[in-house]
Amino acid sequence: MKHTLLTLHNAWVLAHGTPPGLNEADALDRDGEAGMATAEYAIGTLAAAAFAGLLLAIMRSGSLTGVLQGIIESALSVG
């Protein structure tokens, strides 16, 4: 619920400016979590890149190449 209210507050600030009674610094970072979403996106991006690298290494190793080629050939020959 807290994050929902904070999101609504931030949307209001973007649309209308700083609410009356709050200074600019309080409106931008009331609970000290500025940049948290950016850090989470960075970690997610690094994890996705690492997973892609792992898949690429497996694909280039040759151990699955024959199996995957057989699956692709059987999929293309159906019909």
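**Confidence first**

Analyst: This is a predicted model. The protein chain has a mean pLDDT of 75, and 68% of its residues reach 70 or more.

User: Where is confidence lowest, and where is it highest?

Analyst: Helix 2, residues 24-28, has the lowest mean, at 56. Helix 3 has the highest, at 85.

User: What makes the pattern of the protein chain α-α-α-α?

Analyst: Count the elements. The protein chain has 4 helices and 0 strands. Read along the sequence, that gives α-α-α-α.

User: How do you know which residues UniProt lists as "transmembrane region"?

Analyst: The name comes from the record. An unreviewed UniProt entry lists residues 41-59. The annotation may be inferred rather than shown by experiment. In the model, residues 41-59 are 100% helix and 0% strand. Their end C-alpha atoms lie 27 Å apart.

User: Why is Leu 64 called partly exposed?

Analyst: Its relative accessible area is 36%. Buried means under 20%, and exposed means over 50%. The value of 36% falls in between, so Leu 64 is partly exposed. Leu 64 sits in the loop between helix 3 and helix 4.

User: What makes the nonpolar surface patch?

Analyst: Its members include Phe 51, Leu 54, Leu 64 and Ile 71. The patch covers about 780 Å². Helix 3 (36-61) and helix 4 (65-77) each give two or more residues to it. Helix 3 gives the most, with 5 residues.

Technical notes. Residues are numbered from 1 along each chain as its sequence is written. This is a predicted model: local features need pLDDT of at least 70, side-chain atom pairs count only at pLDDT 80 or more; totals for chains, interfaces and linings use all residues. Side-chain values use heavy atoms; hydrogens and water are left out. Patches are made of residues with over 30% relative accessible area and no salt bridge: like charges are joined within 9 Å, nonpolar side chains (Val, Leu, Ile, Met, Phe, Trp, Tyr) within 5 Å. Accessible areas come from the Shrake-Rupley method with a 1.4 Å probe; for residues, only the protein chains shown count as cover. A salt bridge is a side-chain nitrogen of Lys or Arg within 4 Å of a carboxyl oxygen of Asp or Glu. Buried means under 20% relative accessible area, exposed over 50%, partly exposed in between (1.4 Å probe, protein chains only). pLDDT is the predictor's confidence in each residue, from 0 to 100.
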